[in-house]
Amino acid sequence: MKSLFLLPFVLPLALITAPLLAQPVPPPTTAPPAEEGGLSGSVSDENDWQDLGIAITDFATDADVATGTNAGSTAQLGRGLSRIIAANLRNNGLFRSAGPDGQPQPLFGEVQAPSYGLWQGRSAEMLVQGSVRASGGGQLTVGCYLFDIALKQQLAGASWTVAPGDWRRAAHKCSDLVYSRLSGENPFFDSRIAYIAETGPKSRRIKRLAVMDSDGANHRFLTTGQAMALTPRYSPDYKSILYLSYLNGNPRIYVYDLASNSQRLVAQTGNPTFAPRWSPDGRWVLYSMAIAGNTDIYRIPAQGGASLRLTNAPGINIGGSFSPDGSKVVFESDRSGSQQLYVMNADGSDQRRISFFGGRAATPEWSPRGDQIAFTHIAGNFRIAVMSPGGGNLRYLTDSWQDEAPSWAPNGRIIQFFRTERGSGKASLWQVDLTGRNERRLPTPVDASDPAWGPIRP
Amino acid sequence: MSKRNLALLLALSAALSACASKAPKQLPPDPGAGTAADSAQQGPIPGSQADFAAFARGQDTVYFDTDRYNIDSEDAAALATQAQWLMRYPAKRATIEGHCDERGTREYNLALGERRANAAKTYLASLGVDASRLTSVSYGKERPAALGSDEASWAKNRRAVTVTID
């Protein structure tokens, strides 16, 4: 297996030194948030750093040689890397990024020593430069450096040695370095998304399990569409995916192993199972099972074993999302007569309702930071909303006909969801930040639903 | 037509129209233009799914109110018709498919569709159909019968459909 190493490098950065496993190269294949009277919470204003102008130059190379990547020679790779970084920072509404086109381009020797005079008076306050070198064994070493132009000072820097198939990861690592240093937030770009790809007529949509990088690249279909696939969840270590499949005609949840492209049933049962979820440490799986029309939530060890029933209330108890420390679960139940949100301990004890506002509340997802719960609020239309785990501070992030099933970015600052179009039923992936201001559609090859954003890649 | 037959026909049409209030029923298959003798020869094989569909005349499906799964009197009449056929062919197995309209979230609707299918299944069993002959499967909101995003379409999609296994 190809491997990828992160080399600790320069400066006061928290650099990861563990070797990374390479992913196989895949085959080719706005509405402003409405504030509700009396319920609006505090919205952190991110203007300070969102207005920062960042110039990005072509990553320079010491010698323009062929690479084993799909991006061309090292010089072409340098341009590709800087374009990915510029798009990452711009597309997420994070910064005003400029370049690499139309910028002065540094020589290899100037990458870590920019001509500050050249940059003063231009619109950018920050400068990102980088380098690409061919290393032994076909590997590539990518350097990434962030400079404050006014201070004439390097703020951050790192380099990574990557296998050819992983070259885009270096650009995501660099984007994360810049984002984290300037925002003070945890990284999120070096992550992947599992989702459901949809094609065909509304009456008989074909739904396939698919995966891609956080920017839509390295896309791969995992199932053929013969059996309908729904509701995937990446495991925390990215080795497997939980999802629902109608293989053999009945809805059951499976765990799909990405190394072997094989799958197994999570729970051996004659009953339908839905809504699979991982615990944050990957040791447990939550699933929901219907018996005689009643649905309850169960917990089972991820490696198999005995199931523990967590809910025992008449009605539909379904879904569930662990708090980051694994001690609590937020879930959905209609035991009160309509879908509402409840919190319980991870062993099922102390179940109490937390949603007390009009309408119905569904698909809760606990933020990786622990401070908020994202969910689908239903009052005719579906809207993505967040609330505090205690039940207060309801805030809408979107306003459309049907926005469903939020999934958090690894750093808890951005939420992905799927939007369904009235009439046609066509669905697409979207993301919105916690201010509700920066909303955008994610590029997918075909229609898409059920996004499941994985953590930062190990 | 004799007076007696006319009275029967009127009673039958009254019963049918009483069923039409909640959701439109599918028309039975066009019997074609042949003579009675031809129709008998070309009719579906007795005991087949086609025979069940022709017998049920749209009563193979029961409809539900928003977010509900209870069997009302109209549903009970349809299920009685289904049970009549199923009792006639005791070797036949059937699957009840539960569905929802598009106004619920995906996972909840999978559970709600299962609940609806199970309600129909339980009712058929209460009429004497051996429960071991019946299975249920939920498609949630993934397989709509009517494609609009309007009240009329949603009413047609909140359903449980009985399909016999050939």
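Visitor: What pLDDT does chain A average?

Guide: Chain A averages a pLDDT of 89, and 89% of the residues score at least 70. pLDDT is the predictor's confidence in each residue, from 0 to 100. This is a predicted model: local features need pLDDT of at least 70, side-chain atom pairs count only at pLDDT 80 or more, and totals for chains, interfaces and linings use all residues. Residues are numbered from 1 along each chain as its sequence is written, while chains are lettered from A and ligands numbered from 1 in the order in which they are written.

Visitor: Where in chain A does pLDDT stay under 50?

Guide: Over residues 1–45 of chain A. For that stretch the model has 71 contacts beyond four places in sequence. Two residues are in contact if their C-beta atoms, placed from the backbone, lie within 7 Å.

Visitor: OK, the two chains. How many residues of chain A are in contact with chain B?

Guide: 31 residues of chain A, which meet 20 residues of chain B.

Visitor: Which strands of chain A supply at least two residues of that side?

Guide: Among them are S12 (229–234), S16 (273–278), S17 (284–291) and S28 (402–408) of chain A. Helices (H or I, at least four residues) and strands (E, at least two) are DSSP runs, numbered from the N terminus.

Visitor: And by class, what is on that side of chain A?

Guide: There are 12 nonpolar, 13 polar and six charged residues on the side of chain A that touches chain B. Ala, Val, Leu, Ile, Met, Phe, Trp, Tyr, Cys and Pro count as nonpolar, Asp, Glu, Lys and Arg as charged, and the others, Gly among them, as polar.

Visitor: Switching to chain B. What order do the strands of the open sheet have?

Guide: The four strands run S1-S4-S2-S3 in chain B, with mixed pairing. Two strands pair if DSSP finds at least two bridges between them. The edge strands, S1 (61–63) and S3 (134–140) of chain B, each pair on one side only.

Visitor: Which strands are parallel and which antiparallel?

Guide: S2(B), residues 93–99, is parallel to S3(B), with six bridges.

Visitor: What is the bridge partner of Ala94(B) in S3(B), and in S4(B)?

Guide: In S3(B) the partner is Leu134(B); in S4(B) the partner is Thr164(B).

Visitor: Now the helices. At what angle do H3(B) and H4(B) pack?

Guide: H3 (residues 49–56) and H4 (residues 73–88) of chain B pack at about 140 degrees, with their axes 10 Å apart. That angle makes H3(B) oblique to H4(B). Angles under 35 degrees count as roughly parallel, over 145 as roughly antiparallel, 65 to 115 as roughly perpendicular and the rest as oblique. Axes are lines fitted to C-alpha atoms, for helices over the stretch in contact, and angles run from 0 to 180 degrees between N-to-C directions.

Visitor: Which residues meet there?

Guide: Phe52(B), Phe55(B) and Ala56(B) in H3(B) meet Thr81(B), Gln82(B) and Trp85(B) in H4(B). By class, the contact has four nonpolar, two polar and no charged residues.

Visitor: Back to chain A. Is the peptide bond from Gly99(A) to Pro100(A) cis or trans?

Guide: That bond is cis, with omega near 0 degrees. Pro100(A) lies in the loop between S5 (96–98) and H3 (116–119) of chain A.

Visitor: What is phi of Tyr238(A)?

Guide: Phi of Tyr238(A) is near 65 degrees, a positive value in a residue other than glycine. Most residues other than glycine have a negative phi. Tyr238(A) is in the loop between S12 and S13 (240–245) of chain A.
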